[in-house]
Amino acid sequence: MLEDQLGPQGKHYVCGSIAAFTNIVVTFPIQKVLFRQQLHGVLATEAVRQLQRDGLRNLYRGLLPPLLQKSTTVAIMFGLYEDFSRVLLDRVGSSGVPELITRSFAAALAGTTEAILTPFERVQTLLQDHRHHGRFNNTAHTFRTLLSEYGVKECYRGLIPILLRNGPSNVLFFGLRGPIKEQLPEATSRFGHLVIDFVCGGVLGAGLGIMFYPLNVVKSRAQSQVGGAFQPCRQVLLTVWRERGGSLAKLFRGAHLNYHRSLLSWGIINATYELLLKLISEDEWRG
């Protein structure tokens with residue numbers, strides 16, 4: 001059976017990866033509009049006009065890095081969370097440490113591990129930024145250029161805001177997913193379960209997207225730079241803040257689109273992940 005082939009833990013990695021793949025293909029054009037808003041502080045209509053000027057052939061330019069990065073990071077997110085939780089709970093045993101604390105630590109560890117794949121976010125940023133269209137041709141060319149001209153360190157530009165985002169957001173996602181689902185009506189059919197899982201993941205993802213939006217603005221700005229000194233997060237944030245006239249509304253420009261993208265993205269990821277887990281379990285039961 002499929003579960004025997006994947007192993008009791010392997011299924012979490014596979015389901016997470018397929019869920020993320022599905023999400024990226026569906027939501028990538030929305031992500032490009034959002035990226036332009038984060039980087040340039042423009043309205044959504046202007047960001048859409050920029051993409052129209054770039055042409056249809058460039059709409060999915062930069063798709064491969066997030067496809068590889070997100071498929072892997074979501075697999076790590078769900079898979080390592082389950083693995084770390086199992087190992088830590090076994091180690092803690094009857095020591096009296098609350099399970100919530102143990103699982104929160106497991107979630108933070110999984111989120112921190114995801115940051116290993118920062119180079120994919122780095123390359124995605126450069127390929128989506130129209131100012132670099134003439135310099136970087138595709139994913140492989142961008143990696144070669146960064147490594148040959150600047151070294152490995154340049155691939156990890158923007159690592160700190162990613163670390164600050166991943167750990168805490170994972171803790172909140174896994175910590176709140178169960179309680180939120182318990183507050184929703186009980187599903188009585190497969191479609192009902194799908195809807196409940198979509199709502200649960202979407203609400204969580206949208207809320208966390210707003211909460212950590214400034215960190216994503218800092219990450220996008222930092223990663224749009226090629227070469228030169230590495231600016232501290234605080235300095236990058238202050239630069240963006242001054243450029244946008246000290247306006248909180250302008251700092252959060254694009255947040256409304258990010259909210260709806262995150263609602264859709266994490267709804268798709270959570271619903272697809274849970275559906276695949278159920279299908280694998282049913283396959284095992286029939287076997």
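Begin by selecting Asn-270, a residue of helix α14, which covers residues 255–286. The model on display is a predicted one. Is Asn-270 buried or exposed? Its relative accessibility is 1%, and because buried means under 20%, Asn-270 counts as buried.

Next, display the neighbours of Asn-270. Leaving aside residues up to four places away in sequence, Asn-270 touches Phe-173, Arg-177, Asp-197, Cys-200 and Gly-201.

The buried residues of α10 include Asp-197, Cys-200 and Gly-201. Select also the others in that list: Gly-192, Ile-196, Gly-202, Leu-204, Gly-205, Ala-206, Leu-208 and Gly-209 are buried as well. While viewing the helix, recall that residues three or four places apart point the same way, because an α-helix has 3.6 residues a turn.

Now extend the selection to residues 191–215. An unreviewed UniProt entry lists these residues as "transmembrane region". In the model this stretch is 96% helix and 0% strand, and its end C-alpha atoms lie 36 Å apart.

Select residues 98–183: the span is 78% helix and 0% strand, with end C-alpha atoms 22 Å apart.

Move on to a pair of helices, α2 (residues 10–40) and α6 (residues 118–128). Their axes come within 11 Å and cross at roughly 75°. Since angles of 65 to 115 degrees count as roughly perpendicular, α2 is therefore roughly perpendicular to α6. Which residues make the contact? On α2, select Phe-28, Gln-31, Lys-32, Phe-35 and Arg-36; on α6, select Gln-124, Thr-125 and Gln-128. Coloured by class, this contact of α2 with α6 shows two nonpolar, four polar and two charged residues.

The last stop is Gly-96, found in the loop between α4 (64–92) and α5 (99–114). With a relative accessibility of 63%, Gly-96 counts as exposed, whereas Asn-270 counts as buried. To finish, draw a distance from Gly-96 to Val-218, C-alpha to C-alpha: the two residues are 122 residues apart in sequence and 40 Å apart in space.

Conventions
Residues are numbered from 1 along each chain as its sequence is written. This is a predicted model: local features need pLDDT of at least 70, side-chain atom pairs count only at pLDDT 80 or more; totals for chains, interfaces and linings use all residues. Side-chain values use heavy atoms; hydrogens and water are left out. Axes are lines fitted to C-alpha atoms, for helices over the stretch in contact, and angles run from 0 to 180 degrees between N-to-C directions. Helices (H or I, at least four residues) and strands (E, at least two) are DSSP runs, numbered from the N terminus. Angles under 35 degrees count as roughly parallel, over 145 as roughly antiparallel, 65 to 115 as roughly perpendicular and the rest as oblique. Contact means heavy atoms within 4.5 Å. Ala, Val, Leu, Ile, Met, Phe, Trp, Tyr, Cys and Pro count as nonpolar, Asp, Glu, Lys and Arg as charged, and the others, Gly among them, as polar. UniProt positions are given in the numbering used here, feature names are shortened, and annotations may be inferred rather than shown by experiment. Buried means under 20% relative accessible area, exposed over 50%, partly exposed in between (1.4 Å probe, protein chains only).
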